[in-house]
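Subject: Structure handover and notes

Hello,

I am passing on a structure that you have not worked with before. Please open it first and then read the notes under it.

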Amino acid sequence: MTAGMGPATAYPFVKEAWKRNMHLILIDPNAHGERFGFTVFKRTWRWFFPPIPDQGYTSMHSLRGKSVPRHFLSPIYVLAHSMAGSQLVRSLHEMTSHCENTASHFQERIKSIAFTDSTHNLQWVKENIWLCDLVQSPDSSLFFTSLEKHLGSGDIIPVGKEVETDVFWNHRFGNIETVSAGTLDHQLTNYSAQKEIWKHFDKVLL
């Protein structure tokens with residue numbers, strides 16, 4: 001907190017989300033430590049976004065008029081920092097790899113993802129075609145990096161500028177567009193890139 005409310009908290013993103021009349025769900029990917037972090041994340045995600053039954057679902061339109069929570073019909077925009085990126089991809093994979101209805105549901109609802117220094121690996125889900133397409137789509141997904149951790153660069157590339165990746169990066173993350181977060185500090189990735197992150201969301205914000 002010594003750096004101030006902006007860099008040290010989610011406040012800047014909460015403020016901008018409220019300006020856009022968005023509802024927020026803040027999930028701590030490190031709750032209860034590394035051993036239980038994924039379990040906590042998965043349970044929280046599934047509570048807000050439960051799997052779709054195998055029968056009776058054709059599209060989002062088929063749910064309208066039924067007694068389902070409002071958030072069950074709303075578009076989803078995800079900011080996934082560090083371990084949250086890994087847990088998001090793993091959760092979506094578990095929920096959609098054997099359930100076409102749930103995959104179709106999330107395909108309609110997830111409009112945009114901004115990964116910031118994410119730890120996910122595309123090789124985990126390479127057989128899940130829908131999910132692979134989602135996390136590499138130039139329309140929906142963008143990766144912000146602090147460079148120092150992943151690419152070993154000592155130079156600060158201007159925020160939002162495309163970063164040249166290598167074969168190892170592409171093997172892990174696929175062909176996702178990768179840009180600089182404008183900082184070498186992993187903990188400041190979101191704060192430093194916040195304007196570019198909102199530009200990414202605003203392109204598809206409904």
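The notes below go from the overall fold to one helix, then to a pocket, and end with some single residues.

Please keep in mind that this is a predicted model.

Overall fold

The protein has 9 helices and 4 strands. Along the sequence they come in the order α-α-α-β-α-α-β-α-β-α-β-α-α. The protein has 206 residues, and 43% of them count as buried. Among contacts with a separation of 6 or more, 73% are between residues 24 or more positions apart.

Helix H2

Which residues of H2 are buried? In this helix, which covers residues 11–19, they are Pro12, Phe13, Glu16 and Ala17. These four lie on the same side of H2, because the arc they cover around the axis is only 130°. As background, an α-helix has 3.6 residues a turn, so residues three or four places apart point the same way. The elements that cover the buried residues of H2 include helix H1 (5–8), strand S1 (76–81), helix H8 (189–192) and helix H9 (194–202).

The largest pocket

The largest pocket holds about 1,500 Å³ of space. Its lining is made up of 48 residues, and those nearest the centre are Leu24, Ile25, Leu26, Tyr77 and Leu79. By class, the lining has 32 nonpolar, 12 polar and 4 charged residues.

Which element gives the largest share of this lining? Strand S1 does, with 6 residues. The elements that each supply at least two lining residues are H1, H2, helix H3 (33–48), S1, helix H4 (83–96), H8 and H9.

Most residues other than glycine have a negative phi. Two residues in this model are worth a look on that point.

Asn21 is not a glycine, yet its phi is positive, near 60°. Asn21 follows H2 and sits in the loop between H2 and H3. Is Asn21 buried or exposed? Asn21 counts as exposed because its relative accessibility is 61%, and the cut-off for exposed is over 50%.

Ser82 is likewise not a glycine and has a positive phi, of about 55°. The loop that holds Ser82 runs between S1 and H4. Ser82 has a relative accessible area of 15% and is therefore buried, as the limit for buried is under 20%.

Glu34 and Met83

Glu34 belongs to helix H3. Its relative accessibility is 79%, so Glu34 counts as exposed. In sequence, Glu34 and Met83 are 49 residues apart, while their C-alpha atoms are 9.5 Å apart in space.

Cysteines

How many disulfides does the model have? The count is 0, where a disulfide would need a pair of cysteine sulfur atoms within 2.5 Å. Cys99 counts as buried, at 11% relative accessibility. Cys132 is buried as well, with a relative accessible area of 9%.

Regards

Note on methods. Residues are numbered from 1 along each chain as its sequence is written. This is a predicted model: local features need pLDDT of at least 70, side-chain atom pairs count only at pLDDT 80 or more; totals for chains, interfaces and linings use all residues. Side-chain values use heavy atoms; hydrogens and water are left out. Buried means under 20% relative accessible area, exposed over 50%, partly exposed in between (1.4 Å probe, protein chains only). The arc is that of the directions from the helix axis to the C-beta atoms. Contact means heavy atoms within 4.5 Å. On a 1 Å grid over the protein atoms alone, a cavity is a set of points where a 1.4 Å probe fits but cannot get out, and a pocket is an open set with protein on both sides within 12 Å along at least five of seven lines; lining residues have an atom within 4 Å of a point. Grid points are joined across faces, edges and corners, and a volume is the space filled by probe spheres set on the points. Ala, Val, Leu, Ile, Met, Phe, Trp, Tyr, Cys and Pro count as nonpolar, Asp, Glu, Lys and Arg as charged, and the others, Gly among them, as polar.
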